[in-house]
Amino acid sequence: MNVTVEWIYKSPKGLETNFRSDEMPAEQAIRIAEDLERMGRAKQVLFIDRFDSSWTVKEMKGYLKGIETEPHNITVYFDGGFDLTTKAAGLGCVIYYDQNGKSYRLRRNAAVSELISNNEAEYAALHFCLQELELLNVHDLSVRFIGDSRVVINHLSEEWPVIEENLFSWADRIESKLKELGIRPEYELVSRKKNAEADRLAAQALNGIEISATIEVAKE
């Protein structure tokens, strides 16, 4: 969870002005807020998330404590591959998350059939990722979803309307699952190069190579 820090600075002579930080991880924001409080020059310190919700220091500490043992700080990479000749599709999913003070990377893929286009495979890959998040018991959190499909990202961020009936069905299923899990999505479009892990998993699924692994990774 990333937030900005807002506070009112009060000088020894009573002058006041407002400050707002750059966006940063909530854990880092807490440390900065504590330092501001030790200085004795800040009042009304607030954290603002990407949905414009505000949190006091006490509320943020309680929130972070409550999610410590559950997956959080989640970033999801998704990709779908489609073979026009065989009508086979491969779905790739990479999930980075923190839990109990450690960081993990989950990689999964799946081969599916009965899809009709690469765009549909991209939607199916994102839905596959949501199923994996559900298995991780992720709920009531903000989650970053990163992909190289301009169609999926722009549809779900409401930049473009969904016209194709089969894609509308996938979009509806994804929105329903997000609502069910209480996930607040943040969508980001990247180049295929920056989505290489998920792309590779989708290609491996198309080649009949099944991947299912979770490893601990170094914390950023």
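Author: G81 has G90, a residue of β7, as its bridge partner. That bridge belongs to the pairing of β6 with β7, in which the two strands run antiparallel and are joined by 10 bridges. Since this is a predicted model, everything said here describes a prediction.

β6 and β7 make a hairpin, and 4 residues lie between them. The phi of K87 is near 65 degrees, which is a positive value in a residue that is not glycine. Most residues other than glycine have a negative phi. As for the surface, K87 counts as partly exposed because its relative accessibility is 42%.

Now follow β7 to its other neighbour. Strand β8 (residues 102-112) pairs with β7 in the antiparallel sense, over 11 bridges. Within this pairing, Y96 has R105 of β8 as its bridge partner. These two strands also form a hairpin, with 2 residues between them. In its turn, N100 has a positive phi of about 55 degrees.

So far, then, β7 is paired with β6 on the one hand and with β8 on the other. β7 is also mostly covered, with 10 of its 12 residues buried.

C93 is buried, because its relative accessibility of 0% is under the 20% limit. The structure holds 0 disulfides. C93 is accordingly in no disulfide, and the nearest cysteine sulfur to its own belongs to C129, 3.0 Å away. Seen from the other end, C129 is in no disulfide either, and its nearest cysteine sulfur is that of C93, at 3.0 Å. The reason the pair does not count is the cut-off: a disulfide needs the two sulfur atoms within 2.5 Å, and these are 3.0 Å apart. C129 is buried as well, because its relative accessible area is 0%.

N137 is found in the loop between α3 (118-135) and β9 (142-147). Its phi is near 65 degrees, again a positive value in a residue other than glycine. N137 counts as partly exposed because its relative accessible area is 48%.

Notes. Residues numbered from 1 in each chain as written. Predicted model: local features only at pLDDT ≥ 70, side-chain atom pairs only at ≥ 80, totals over all residues. Heavy atoms only, no water. Buried < 20%, exposed > 50% of the residue type's maximum accessible area, 1.4 Å probe, protein only. Pairing = 2+ DSSP bridges.
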